[in-house]
Amino acid sequence: MKKYGLWIAGREVYPKGRKTFVSLNPTNKRAVASFCSGSETDVNTAVAVAHQAQKKWAALPAPQRGEVLLEVARLLRRRKQQLGRLVSTEMGKILSEGLGDVQEAIDIFEYMAGEGRRLFGHTTPSELRSKFCCTMRRPLGVVGLITPWNFPMAIPAWKLAPALVCGNAVVLKPASDTPLCAYELVKTCEEAGIPPGVINMVTGSGDEVGAHIIRHEKLAGISFTGSRVVGEFVAANAGLKRVGLELGGKNAIIIMDDADLDLALEGVLFGAFGTAGQRCTAASRVIVSKEVKDEFEEMLVKRAERLRLGDPLKESTDIGPLINENAVKKTHRYTEIGKKEHAKLVTGGYALPEKGGFFYKPTVFTNVKPHMRIAQEEIFGPSVSLMKVNDVREAIRVCNGIEYGLSSAIYTNDIQKAFTAIEHIEAGITYVNASTIGAEVHLPFGGIKKTGNGTREAGILGVEEFSEVKTVYIDYSGKLQKAQIDVDKRK
Ligand code: NAP
């Protein structure tokens, strides 16, 4: 098994005395790679190196930074097959999704390369004569990026690309379950021409490396994607840094009585069981009109039972394993909670240890009441709760009756119901006649309520998290002009 060090100043380093940890293939529990458990000292070194490198990187004209990002996209595209297989091996999602993970990284680097020629500010008239006013974007400086394992290449890329095009340097701490994916991404960036020291990666535990990054006084910003619990820790400990938080979800698909049920079924299967339910945008609640609830339930159970679990690299596999033993235990804990709450378990509800990896049978609960814990809390496994409602108003009330607000979907052919849902659903994203999954990189991504703190990643808003706005006034009148004060002279 190959042993990897930390990535600091453009090379791999193995500081003396550090312990190591191993990332596992969740399909068979075999070790994929061994990584160095970084320390607070290593974070300090990485931050200092990043500060040195950032100034030169920021001095490069933004269009030239964009050109380097485009080269990253080109290299990723060339390596897509190899990297997609790595994602599936280290994280466990099926190969088509592993390739999709890499494609998201390619897309965001391509999109943000274009930002190098935009990075728009505003111009606006002055209240005074012969005076020009505008805003421009400046980098934050050095930022800390902390990422989860469920999109092991896409999420680091979603943060790296905008941070870099804005002229920042970074210290990245990837999830301990998927460090090799992040390592390969960082190496690709450097091969494409990102200068040494601009990207530094310190692997190691969230409690030590992650927490030190969050509190580090020399970091100007933190971009965090992960659980709500850790997100709240970030919010409480980051001080006055710019903080971006992308946290959990408890997303619902609403199915109205006029919906195309076959289409809705495909959306629910993909939303609930794709990536084994381990997406922040996964559909873990299905809210169905009473007229079609029984029919839809039967259709869903039949198809859920036919889903093939197995090796994510095999084309015949529909669902891969969960990420680790804890994820299996957590999913099962919620199965037990659902049963105790008197929801009706109609299929699944058990682990499959005989398969050798962290597999859990796709699980469907019905007769679920909106207040039940299985309908309120993020499970992050292949478990979905069906709830019956009378009409679109009740559906929206149930949809909104949770603490999170990330993604949502409605299946209907009635334009009034569709627009009522778009207007009233409390979520950062609403799909009509499509599943809760399917973000495209040129649109903003993020949630409301306890899904985060309102930042948006990707799209035209993606650079806001990583840039300051500077306001510029240029007075070419040749005399002292006073805003507000000279206003009476104009009369
Ligand atoms: P997590 O446990 O919160 O971990 C996320 C990252 O934070 C990991 O790198 C982790 O390191 C690190 N970390 C853990 N404790 C920390 C601490 N005290 N201080 C600083 N960093 C710390 O989340 P996860 O299990 O990896 O990911 C699943 C969660 O992410 C779900 O809730 C999902 O909804 C959410 N998510 C949200 C989005 C979104 O865009 N809204 C996207 C994807 C996932 P270790 O790996 O070393 O523990």
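This is a predicted model: local features need pLDDT of at least 70, side-chain atom pairs count only at pLDDT 80 or more; totals for chains, interfaces and linings use all residues.
Close-up 1. Arg228 is buried, with a relative accessible area of 18%, whereas Glu232 is partly exposed at 43%. Buried means under 20% relative accessible area, exposed over 50%, and partly exposed in between (1.4 Å probe, protein chains only).

**Close-up 2. Salt bridge between Arg242 and Glu468.** The closest N and O atoms of this pair are 3.0 Å apart. Arg242 is partly exposed at 29% relative accessibility, and Glu468 is partly exposed at 37%. Elsewhere, salt bridges that share partners join Arg228, Glu232, Glu403 and Lys450 into one network.

**Close-up 3. Salt bridge between Arg79 and Glu191.** The two side chains meet at 2.5 Å, N to O. Arg79 is in the loop between helix 2 (62-78) and helix 3 (80-91), and Glu191 is in helix 6 (residues 179-192), so the pair ties together parts that are 112 residues apart in sequence. Glu191 is partly exposed, with a relative accessible area of 47%. The structure holds 23 salt bridges.

**Close-up 4. Polar atoms around the ligand.** An N or O atom in the side chain of Ser227 is 2.6 Å from an oxygen atom of the ligand. For Lys173, a polar side-chain atom lies 3.0 Å from a ligand oxygen; for Gly204, a polar backbone atom is 3.5 Å from one. The protein covers 86% of the 900 Å² of accessible area that the ligand has on its own (Shrake-Rupley method, 1.4 Å probe).

**Close-up 5. Shell around the ligand.** Of the 31 residues around the ligand (a heavy atom within 4 Å), Thr147, Ser176, Ser227, Leu247 and Glu378 come nearest. Helix 7 (206-215), strand 11 (221-225) and helix 8 each supply at least two residues of this shell. Helix 7 gives the largest share, five residues.

**Notes.** Residues are numbered from 1 along each chain as its sequence is written, and side-chain values use heavy atoms, leaving out hydrogens and water. Local features need pLDDT of at least 70 and side-chain atom pairs count only at pLDDT 80 or more, while totals for chains, interfaces and linings use all residues.

Terms used
A salt bridge is a side-chain nitrogen of Lys or Arg within 4 Å of a carboxyl oxygen of Asp or Glu. Helices (H or I, at least four residues) and strands (E, at least two) are DSSP runs, numbered from the N terminus. A polar contact is a pair of N or O atoms within 3.5 Å; within protein, one must be able to donate a hydrogen and the other to accept it, and residues adjacent in sequence count only if both atoms are side-chain atoms.
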